[in-house]
Amino acid sequence: MVIPVVASAFLFVGVSFNQDFFEVAKQIEIFTTLFKAVNANYVDDTNPADLMDKAIKSMLADLDPYTNYFNEQDVVKFKINNTGEYTGIGALITRKDGKLIIKEPYKNFPADKAGLKAGDEIVQIGDVNLIDFKEDASQLLKGSKNTKVDITYLRQGKTLKTQLVLDEVEIKAVPFYGKVDDKTGYIVLSQFNKKASLETKEALEQLKKEGAEKIILDLRGNPGGLLGEAVNICNLFVPKDEVIVTTKSKIEKHNNTYKTSREPIDTEIPLVILVDGKSASASEIVSGALQDLDRAVIVGSRSFGKGLVQRPVDLTYGTQIKITISRYYTPSGRCIQALDYSHKDKDGKAIRTVSQNYNAFKTRKGRPVYDGGGVLPDEVIEESKTSAIAEALLKNDGIFNYVTDYYYKNPNLGTAIPTISDADFMAFKRFLKKQNFNFDTETEVALKNTLAAAKKEKIDGSIAAEYQQLLTALQKSEENQLNQNQKEIKKLILEEIIKRYQYKEGLYEYYIKNNSEIKKATSILNNPSEYKKILQQ
């Protein structure tokens with residue numbers, strides 16, 4: 001029963017990429033006979049579905065990280081709901097090292113109402129003990145509205161119980177907006193779901209009613225989403241029938257030009273857009289297009305660089321493929337894709353476009369802009385870049401776990417904003433050491449792999465002294481990096497602390513008064529001659 005599915009999937013790929021049909025048919029036949037031979041002759045019993053799943057996913061992994069196959073179970077479990085609403089617990093959760101951890105409860109939603117906090121480890125859902133549960137445990141937290149779910153969780157070594165009451169959880173595209181000063185409005189756009197342009201429009205109109213004459217649109221950390229919503233958000237600030245983005249493919253039907261289709265809200269209001277290394281895809285369409293049209297000043301650090309467009313395609317037997325079908329280009333003609341997946345290095349990694357290979361383009365007023373590496377801001381703020389050591393601390397939960405410990409040692413902080421002192425930073429470093437925190441840098445991983453190979457070959461004893469010497473040197477280097485990036489790390493610790501006591505809303509309130517990128521954006525907007533000069537360079 002699996003073979004026809006494979007044939008249709010392979011045929012789709014063949015047709016999509018317009019390859020020679022004979023060669024495609026030949027390869028399908030080779031694969032079909034191989035697949036039958038393995039299943040018929042292998043010494044142990046095989047699972048045809050598992051074998052095929054791995055074969056397809058391994059094949060697609062060689063293309064790019066965005067082209068993915070979803071089997072029947074994947075489609076049921078991971079289908080994306082772009083409405084921004086789902087029935088659930090209202091919290092960001094993650095599974096790491098087999099543990100289901102609450103990363104961030106959203107204010108006044110089920111998890112928060114049930115008393116769950118960031119850092120809590122859920123160990124049992126209903127009658128299901130998660131220690132031996134290998135499936136996607138988050139699925140156990142979904143159900144119809146008002147469903148009651150008993151939860152057992154660990155907090156600071158104690159086993160506790162609570163009950164969740166599931167509800168409709170609306171994930172807002174605009175989680176916050178407010179005023180930086182009497183004349184400057186601030187809008188946070190965190191994702192491009194189906195309500196993104198509507199919520200941005202409502203925030204813009206409300207801020208204008210409150211007297212805002214200048215706007216800061218914050219796209220930092222926004223990973224993207226719906227392309228159409230990106231066009232609609234640009235349309236709030238530019239006239240109808242303006243080209244915002246084009247998509248180009250070797251397949252004619254995937255070549256499209258996307259124009260604004262509505263009357264704008266305000267084509268004159270001064271606008272600054274904030275981006276960083278985690279602003280991707282639709283965020284780059286908005287920032288790149290409005291930069292090309294000289295409609296906004298971009299502030300922050302270089303964006304992620306995702307200029308590839310995906311489309312889901314239904315296959316047979318309830319399966320699906322999300323496939324990269326084209327590249328998108330901003331109005332000036334530039335593609336901001338940073339990694340070239342068609343050319344890879346000796347380790348099989350996509351080659352990053354280097355600065356000397358960027359191609360120059362011009363904005364509407366003739367300013368130079370470049371392709372190939374994300375959107376480069378008009379005003380680069382160095383401190384908005386994330387250092388490698390900070391990235392490791394975030395990725396491996398060094399800061400998250402330290403702040404969890406801090407939270408329970410300081411239960412009465414409330415809305416006070418603490419100062420992260422040098423003593424606090426020393427405490428943070430001691431915490432990392434006590435927890436045997438792994439930075440998992442490439443060097444650290446390579447060194448551990450070397451020792452593992454040496455143990456396997458029973459020669460670890462002869463290199464033990466040298467290994468320890470290298471490990472000590474590496475650990476000293478990592479501590480030096482911690483010290484060198486102390487200011488950045490202190491800022492990240494403080495932001496995580498604020499979220500624990502005041503939720504994400506409190507963090508945005510803090511940003512309005514203290515964030516360096518917002519201060520720079522406000523400074524530009526408060527100086528009309530500087531604003532105009534940037535856009536006319």
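This is a predicted model: local features need pLDDT of at least 70, side-chain atom pairs count only at pLDDT 80 or more; totals for chains, interfaces and linings use all residues.
Which residues in helix 10 meet which residues in helix 11?

**View 1. Residues joining helix 10 and helix 11.** On the helix 10 side, Gly 398, Ile 399, Asn 401, Tyr 402 and Asp 405 take part. They meet Asp 424, Ala 427, Phe 428, Phe 431 and Leu 432 in helix 11. Sorted by class, this contact has 6 nonpolar, 2 polar and 2 charged residues.

**View 2. Axes of helix 10 and helix 11.** Helix 10 spans residues 398–409 and helix 11 spans residues 422–434. Their axes come within 10 Å and cross at roughly 110 degrees. Because angles of 65 to 115 degrees count as roughly perpendicular, helix 10 is roughly perpendicular to helix 11. The crossing of helix 10 with helix 11 is right-handed.

**View 3. Axes of helix 9 and helix 14.** Helix 9 covers residues 388–395, and helix 14 covers residues 486–514. The two axes come within 10 Å, with a crossing angle of roughly 25 degrees. Angles under 35 degrees count as roughly parallel, so helix 9 is roughly parallel to helix 14. Helix 9 and helix 14 cross in a right-handed sense.

**View 4. Residues joining helix 9 and helix 14.** Helix 9 contributes Ile 389, Ala 390, Leu 393 and Leu 394 to the contact. From helix 14 come Glu 488, Ile 489 and Leu 492. By class, the contact of helix 9 with helix 14 comprises 6 nonpolar residues, no polar residues and 1 charged residue.

Note on methods: Residues are numbered from 1 along each chain as its sequence is written. Side-chain values use heavy atoms; hydrogens and water are left out. Axes are lines fitted to C-alpha atoms, for helices over the stretch in contact, and angles run from 0 to 180 degrees between N-to-C directions. Helices (H or I, at least four residues) and strands (E, at least two) are DSSP runs, numbered from the N terminus. Angles under 35 degrees count as roughly parallel, over 145 as roughly antiparallel, 65 to 115 as roughly perpendicular and the rest as oblique. A crossing is left-handed if the near helix is turned anticlockwise from the far one by less than a right angle, and right-handed if clockwise. Contact means heavy atoms within 4.5 Å. Ala, Val, Leu, Ile, Met, Phe, Trp, Tyr, Cys and Pro count as nonpolar, Asp, Glu, Lys and Arg as charged, and the others, Gly among them, as polar.
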